[in-house]
Structure formats: C-alpha cells, structure tokens
Amino acid sequence: MKKNIILIGFMGVGKGTTARAYAEKYGTFIIDTDDLIESKENRKIKTIFKEDGENYFRLCEQQCADWIENSVDNSFISCGGGFYNVSNLKKLGTVVLLDASYEWIFNRLSTAENAKAKLRKRPLFSEPKKAKRLYNERKEAYKKIADLIINIEEKNLKAVIKEIHKKAYI
Ligand code: S3P
C-alpha cells in the first residue's frame with residue numbers, strides 16, 4: 001500500500017490550502033493534480049475545457065492517476081474535485097475527504113480576497129446553481145470512496161492538518 005495522502009473534496013473546499021499548510025508543518029512533498037495536468041498540457045485547466053472539452057480533461061486526470069500509481073510515494077496529493085472518479089484512486093494511497101456543506105464552500109469562495117479569480121479558473125463553478133447540483137450529485141460518492149472523512153466547518157486549518165497526520169499518515 002502506498003503511503004500517499006490523497007486529498008479529495010469539492011471545488012473550493014480548501015484542498016490546496018490544506019496541502020500547503022500540511023507541507024509546511026510536516027515537510028512532506030505536495031503534488032496538485034490540476035498543476036500536473038496544466039504543466040503536462042502547457043495550458044490552463046480553463047483553456048483545456050474550452051479547447052478540448054471536459055471529457056478530454058477527465059482523460060488527463062486518468063493519465064495523471066496512472067503516473068502517480070507508477071511513480072509517486074510518500075507524498076501529499078491534492079486532487080481536483082472530479083479526480084475521485086479515476087479508476088485506480090484507492091491504489092494511490094489513503095483517501096481523505098475534506099467535507100463541508102455547499103453553502104460553507106460557496107461562502108468561502110465568494111468571500112475570499114481573490115474571489116473573482118478563484119471562481120474564474122473553475123469552469124464548473126461558473127454558475128452557482130449548476131455547481132450546487134454537481135455538489136449534490138457527488139457528495140455521497142465522495143463519502144463512499146474516502147478512507148477518512150474530515151468535516152472542516154467547525155475546525156481551523158491547524159486542527160485539520162493535525163487530524164490528517166494523526167489518522168491517515170504512515
Ligand atoms: C473540477 C475541479 C477543479 C478542476 C476542474 C474540474 C471538478 O479543481 O480539476 O476545474 O470537476 O470538480 P478544484 O477542485 O481544485 O477546484
């Protein structure tokens with residue numbers, strides 16, 4: 001079994017922020033699946049969606065998962081919101097879900113300092129109604145695939161990374 005932490009959850013829940021805080025505290029290398037795809041494709045996620053569509057992006061996610069399976073261990077991997085659907089997710093490491101209500105996530109995103117940029121880079125968050133539908137469609141699937149579920153609404157970042165370290169890591 002690989003000793004990666006595979007952090008999943010809906011867009012805007014704070015996976016990147018959590019990964020960075022984790023790395024700072026525990027010195028682990030972090031990998032972001034969206035960043036990997038952007039660097040391999042040499043274009044932004046938004047552009048991939050626009051030029052080649054969502055299905056192509058999902059193929060990129062699967063390629064990324066295959067690469068992680070073959071090449072990565074002992075790392076903290078922050079995943080795009082749809083990455084939970086790759087066929088080999090459970091082989092990549094311990095799957096940790098950051099869980100929060102749609103309202104909490106929407107509030108976090110829309111009150112962020114760079115809220116506009118945060119929403120703009122996420123094609124599937126361009127319409128809040130559609131994003132909410134997607135959230136409702138996915139929420140049970142996220143829970144089903146996770147080895148560990150962390151509800152983050154009442155916790156600060158420090159407590160969240162401590163909990164991940166204690167319960168999931170190595
Ligand atoms: C997506 C989430 C995004 C990104 C892409 C699709 C999704 O990542 O992978 O826009 O399907 O939920 P974040 O969860 O980091 O926003």
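These legends go with a few close-up views of a predicted model.

View 1. Start with the space that the ligand takes up: it is the largest pocket. There are 13 residues around the ligand. Helix H3, which runs over residues 45-71, supplies three of the residues in this shell, the largest share.

**View 2. Who comes nearest to the ligand.** Here we pick out Lys15, Asp34, Arg58, Arg122 and Arg138, the nearest of the residues around the ligand. In Arg58, an N or O atom of the side chain is 2.7 Å from a ligand oxygen. For Arg122, a polar side-chain atom lies 2.5 Å from an oxygen atom of the ligand.

View 3. On its own, the ligand has 390 Å² of accessible area, and the protein covers 94% of that.

**View 4. Glu163 in helix H7.** Now move to helix H7, residues 157-168, where you'll find Glu163.

**View 5. What Glu163 touches.** Zoom in on the side chain of Glu163, which makes a polar contact with the side chain of Lys155 at 3.2 Å. Setting aside neighbours within four places in sequence, Glu163 is in contact with Ile150 and Ala168 as well as Lys155.

Definitions and conventions. Residues are numbered from 1 along each chain as its sequence is written. This is a predicted model: local features need pLDDT of at least 70, side-chain atom pairs count only at pLDDT 80 or more; totals for chains, interfaces and linings use all residues. Side-chain values use heavy atoms; hydrogens and water are left out. Helices (H or I, at least four residues) and strands (E, at least two) are DSSP runs, numbered from the N terminus. A polar contact is a pair of N or O atoms within 3.5 Å; within protein, one must be able to donate a hydrogen and the other to accept it, and residues adjacent in sequence count only if both atoms are side-chain atoms. Contact means heavy atoms within 4.5 Å. A residue is near a molecule or strand if one of its heavy atoms lies within 4 Å of it. Accessible areas come from the Shrake-Rupley method with a 1.4 Å probe; for residues, only the protein chains shown count as cover. On a 1 Å grid over the protein atoms alone, a cavity is a set of points where a 1.4 Å probe fits but cannot get out, and a pocket is an open set with protein on both sides within 12 Å along at least five of seven lines; lining residues have an atom within 4 Å of a point. A molecule sits in a cavity or pocket if more than half of its atoms lie within 2 Å of its grid points.
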